[in-house]
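Please prepare a short briefing on the fold of this protein chain.

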Amino acid sequence: MSSHNFDLLREPWLRMRHAEGHVEEVGLLEFYDRAEQFTDLAGESDTQNQAVFRLLLGVFIRALRHHELFGPEDRLAETWQKVQAADDLGALVGEYLEAWEGRFNLFDATAPFFQAAGLHTKKEEYSDASVLVPDTGPG
């Protein structure tokens, strides 16, 4: 069992840019609570920003479905009317995230976020994660 923890909901890791240009790191809960204060993602590369944006959008859509603001059969125009009429979207997303907070630990021993626990080769070797980052790569 891993002794490492990184709570993606509360630990600051999302690099966000404010209208004035300064950059701040926030966790997922704080991002959705204060989303109107940020103008852009400020990651280390466009590739990283795109990946983070897709994650944020996926969480947002899942939270809307969690609160039954829309379903697979709903019409898009009606869906957006419901979303725009919602009182506090940040709170709705926060409720969804907190309901599933056990799944947002990056180093969880049994269910690490977006990963397979204990993934290794037949020789019990582990690859460095840099092989997955096209902008940097190994070496």
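**Core, strands and helix packing**

In this predicted model, the largest nonpolar core holds 28 residues, of which Leu14, Leu28, Phe31, Tyr32, Leu56 and Leu97 touch the most other members. A nonpolar core is a set of buried Ala, Val, Leu, Ile, Met, Phe, Trp, Tyr and Cys residues joined through side-chain atoms within 4.5 Å, and buried means under 20% relative accessible area, with a 1.4 Å probe and protein chains only.

Residues are numbered from 1 along each chain as its sequence is written. Local features need pLDDT of at least 70, side-chain atom pairs count only at pLDDT 80 or more, totals for chains, interfaces and linings use all residues, and side-chain values use heavy atoms, with hydrogens and water left out.

- Tyr32 touches Leu56, Leu57, Val59, Phe60, Gly90, Val93 and Leu97, not counting residues up to four places away in sequence; contact means heavy atoms within 4.5 Å.

**The strands**

- Strand E1 (residues 14–18) has a covered face made of Leu14, Met16 and His18, while Arg15 and Arg17 form the uncovered one.
- E1 pairs with strand E2 (residues 23–26) in the antiparallel sense over four bridges; two strands pair if DSSP finds at least two bridges between them.
- Met16 stands opposite Glu24 in E2, and the bridge partner of Arg17 in E2 is Val23.
- The hairpin of E1 and E2 has four residues between the strands, and in it Gly21 takes a positive phi near 105°.
- E1 also pairs with strand E3 (residues 38–41) in the antiparallel sense, over three bridges, and there Leu41 is the bridge partner of Met16.

**The helices**

- Helix H2 (residues 46–66) and helix H4 (residues 89–99) pack at an angle of about 90°, with their axes 9 Å apart.
- H2 is therefore roughly perpendicular to H4, a term that covers angles of 65 to 115 degrees.
- The contact is made by Val59, Phe60, Arg62, Ala63, Leu64 and His66 of H2 and by Leu89, Leu92, Val93, Tyr96, Leu97 and Ala99 of H4.

Key: Axes are lines fitted to C-alpha atoms, for helices over the stretch in contact, and angles run from 0 to 180 degrees between N-to-C directions. Helices (H or I, at least four residues) and strands (E, at least two) are DSSP runs, numbered from the N terminus. Angles under 35 degrees count as roughly parallel, over 145 as roughly antiparallel, 65 to 115 as roughly perpendicular and the rest as oblique. Buried means under 20% relative accessible area, exposed over 50%, partly exposed in between (1.4 Å probe, protein chains only).
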